[in-house]
Amino acid sequence: RHGGSAGVQEQACGAILNMVRMAHLDDGTIEMEECLDLVLTAMWVHTEIAGVQQLACGALGCIAQWDMKMQDGSRTVAEAGGIELVLAAMQVHAGSCLVQEEACVALQRIADLSEHQQKIA
């Protein structure tokens, strides 16, 4: 509904980031694949907005960490195109240390699943 509003998307990515960080306390109500889709869409639509990219990279890093813990056959961040979007965020926002930091953490967590290490390198 508010996909075109960068401010709303930035807040939504921050909310997803916080939810996923606390996922170990979750009773199964967080739909990780839905969160993944929402974050990737926000990154795709708002490539020029550093705040969206920063929080989205943070959320992807947390989702990737969840992927590694669960290994439940759900689509991973890498399979959904997350690596490419994180790398794009790093290029577009090369001057933003906040985007760079969150992007590096996300890539490190994605790379923890060994099958994705070559794709990141």
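**Entry 1: a crossing of two helices.** I began with helix 1 and helix 2, and I noted that their crossing is left-handed. I then looked up which residues bring them together: on the side of helix 1 the contact is made by Gln9, Cys13, Ile16, Met19 and Val20, and on the side of helix 2 by Met32, Cys35, Leu38, Val39 and Ala42. Sorting this contact by class, I wrote down nine nonpolar residues, one polar residue and no charged residues. I keep in mind throughout that the model I am reading is a predicted one.

**Entry 2: the geometry of the pair.** I reminded myself that two packed helices are described by the angle between their axes together with the distance between the axes. For helix 1, which covers residues 6-21, and helix 2, which covers residues 32-45, I found an angle of about 150° and axes 10 Å apart. Because an angle over 145 degrees counts as roughly antiparallel, I recorded helix 1 and helix 2 as roughly antiparallel to each other.

**Entry 3: the chain as a whole.** Read from the N terminus on, the elements run α-α-α-α-α-α.

Entry 4: Among contacts with a separation of 6 or more, 65% are accounted for by residues 24 or more positions apart. Last, I noted an accessible surface of about 6,600 Å² for the protein chain, of which 53% belongs to carbon and sulfur atoms.

Definitions and conventions: Residues numbered from 1 in each chain as written. Predicted model: local features only at pLDDT ≥ 70, side-chain atom pairs only at ≥ 80, totals over all residues. Heavy atoms only, no water. Axes fitted to C-alpha atoms, helices over the stretch in contact; angles between N-to-C directions. Helix = DSSP H or I, 4+ residues; strand = E, 2+ residues; numbered from the N terminus. Parallel < 35°, antiparallel > 145°, perpendicular 65-115°, else oblique. Left-handed = near helix turned anticlockwise from the far one by under 90°. Contact = heavy atoms within 4.5 Å. Nonpolar A, V, L, I, M, F, W, Y, C, P; charged D, E, K, R; others polar. Areas by Shrake-Rupley, 256 points an atom, 1.4 Å probe, with all protein chains shown as cover.
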